[in-house]
Structure formats: C-alpha cells, structure tokens
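This briefing goes through one protein chain, from its overall build to single residues. Please have the sequence and the coordinates at hand.

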Amino acid sequence: MKIPFWEKAFKNDKTFLFGSSPNKTVTEFENLFDKNGVILDIGCGDGKNAVYLARQGFENIDAFDPSEDAIEKLKRISNKEKLKINAQVKSLQEFNFEKQYDLVLSFGVYHFVPEQEWKSFILKAQQNTKRGGVHIIQMFNDSLPPTPDIAPYAVGMAKDGELKDLYKDWEILQFLSYEFEEEHPGVPLHKHASNKLVARKI
Ligand SMILES: C[S@@+](CC[C@H](N)C(=O)[O-])C[C@H]1O[C@@H](n2cnc3c(N)ncnc32)[C@H](O)[C@@H]1O
C-alpha cells in the first residue's frame, strides 16, 4: 500500500507537516479545562496539540496514533522537554477505553477511517467522557471530492453536518462548516471541505 505523504515528516524531528503550533480551536477553548483534566488525543500524529497542552501544564494526556514513526517522534520530543504525555502506537479500532476523559481531541483523523468505525468509536468516546467533558473534532466532509493527496486513504468522509447529529444530546459550543486551501511539499495548492465541532456532555 502507498505510504501517506505525512509519514515522511514523522521521521524528521524538525519538520512538522501539519504545523508545530496547536490547532486554533485548542487555544480558543483551553481555558475551559482544568490542568488536572484527563485528555485523549486521537490520531495525534507527531503531537502538536498534545505537546502544546503538556507545555501549558496539563499532566494527564493520553495520545495514540497507528504510525510508529509519529509516536517515536512524539516520545523523543516529550522526553527532551520532560512533558507528561502517555503516547501509544494504536489505531482507534484497537484502542480500549480504560478511563473517563474530560477532553477528547480528534483533528484530521476520522475521514481516514470507514464511516461505521468512526461513528461507533465516537459513541464509545462519548460513553467514556465525564459529564461536563468536551469533544473537539475536525474532519473532512464530502461536499468537495477528496484531493489526490488523500484520495487513497479518505475512506470515511462525513456528509456535511452529520457529525453534529451524533452530538444531538450534547451542548454544541461550536459547529463550523467551511472550505480551506492548503499546500504540502510535493502537493500543489488544493481545497478541502471541513467540519469542526466543539461539544460538551450534559
Ligand atoms: C492529517 S494527520 C493529523 C495528525 C494530528 N491529529 C494533527 O492534527 O497534527 C492524520 C493522522 O491520522 C492518523 N490515523 C490514520 N488512521 C488512523 C486510525 N485508524 N486510528 C487513529 N489514527 C489514524 C494518521 O497516522 C495520522 O497521524
């Protein structure tokens, strides 16, 4: 199988394909969270969000990704800075919940997982979130076709808005439907359709 373009950057501690700064939504909502809160970063990649939160003093961060190179890179970064991140090589299909979380993050991951699998994972994540806990999700929807860089892997793109339907019993703090352009080394400028959801368990 073809290796996704992001794997190359996971081998290099100096290159951050998806940026080394946290996602804007994390900084926008971080004041809601207690530093003792239990956090899970799904498909964390090389960990820009987990690393940021650990640097802010959050101490209970679990993060997983199926890429061995991504997790090794994240461990090298966190060991160097003595950050408390429990990083594991795992896919969301393999992950078993063993605790209740205050914050569950998933940026740019679910569209790479078949629809039934990401939907049932969300249900499990909801059951394993404390009352008052928050989920932050960004994923692509199929309002635009998958671009060539992700087409072989984007097996589970959502319908625009369906993510929100899965959270109808939660308080929606933010829901966005938007298009954005990006460019990666070797991949020309292209456009994605995306949904972002921030929801709190009532
Ligand atoms: C676009 S990257 C995003 C990485 C990170 N969340 C970020 O925002 O920088 C997509 C990530 O999803 C991970 N991924 C792919 N399939 C997955 C699965 N089945 N379970 C969990 N993560 C997966 C990839 O290994 C990759 O690190």
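Does threonine 25 count as buried or exposed? Threonine 25 counts as buried, because its relative accessibility is 1%; buried means under 20% relative accessible area, exposed over 50%, and partly exposed in between, with a 1.4 Å probe and protein chains only. The model is a predicted one, in which local features need pLDDT of at least 70 and side-chain atom pairs count only at pLDDT 80 or more, while totals for chains, interfaces and linings use all residues. Residues are numbered from 1 along each chain as its sequence is written, and side-chain values use heavy atoms, with hydrogens and water left out.

**Overall build**

- The chain has 6 helices and 7 strands; these are DSSP runs numbered from the N terminus, with helices (H or I) of at least four residues and strands (E) of at least two.
- Read from the N terminus, the order of elements is α-α-β-α-β-α-β-β-α-β-α-β-β.
- Along the principal axes, the C-alpha atoms fill a box of roughly 40 × 40 × 30 Å.
- Among contacts with a separation of 6 or more, 70% join residues 24 or more positions apart; a contact means heavy atoms within 4.5 Å.

**Surface and charge**

- Of the 202 residues, 50% count as buried.
- The accessible surface is about 10,200 Å², and carbon and sulfur atoms hold 49% of it. Areas come from the Shrake-Rupley method with a 1.4 Å probe, and for residues only the protein chains shown count as cover.
- The chain carries 27 positive and 30 negative charges, whose mean positions are 4 Å apart. Lys and Arg count as positive and Asp and Glu as negative, with His and the chain ends not counted; each charge is placed at NZ of Lys, CZ of Arg, CG of Asp or CD of Glu.

- Threonine 25 sits in helix H2, and its side chain makes a polar contact with the side chain of lysine 196 at 3.0 Å. A polar contact is a pair of N or O atoms within 3.5 Å; within protein, one must be able to donate a hydrogen and the other to accept it, and residues adjacent in sequence count only if both atoms are side-chain atoms.
- Beyond its neighbours within four places in sequence, threonine 25 is in contact with Phe107, Ile136, Gln174, Lys196 and Val198.
- Serine 67 lies in the loop between E2 and H4 and is buried, with a relative accessible area of 5%.
- Not counting residues up to four places away in sequence, serine 67 touches Glu7 and Phe10. The side chains of serine 67 and glutamate 7 make a polar contact at 3.1 Å.

**Helix H3**

- Helix H3 spans residues 48–55 and is mostly covered, with 7 of its 8 residues buried. The buried residues are Lys48, Asn49, Ala50, Val51, Tyr52, Leu53 and Ala54.
- These buried residues pack against H2, strand E1 (38–42), strand E2 (60–65), helix H4 (68–81), strand E3 (85–89) and strand E4 (101–107).
- Glycine 57 follows H3 and has a positive phi, near 105°.

**Exposed and partly exposed residues**

- Lysine 82 lies in the loop between H4 and E3. Its phi is near 55°, a positive value in a residue other than glycine.
- Lysine 82 counts as exposed because its relative accessibility is 72%.
- Serine 20 is in the loop between helix H1 (6–10) and helix H2 (24–29) and is partly exposed at 46% relative accessible area. Its C-alpha atom is 8.8 Å from that of aspartate 46, 26 residues away along the chain.
- Alanine 151 is in the loop between strand E5 (129–140) and helix H6 (162–165), and counts as partly exposed at 38% relative accessibility.
- Glutamate 171 belongs to strand E6 (residues 171–184) and is partly exposed, with a relative accessible area of 34%.
- Leaving aside neighbours within four places in sequence, glutamate 171 contacts Val198, Ala199, Arg200 and Ile202. Glutamate 171 and alanine 199 are 28 residues apart in sequence, with 5.5 Å between their C-alpha atoms.
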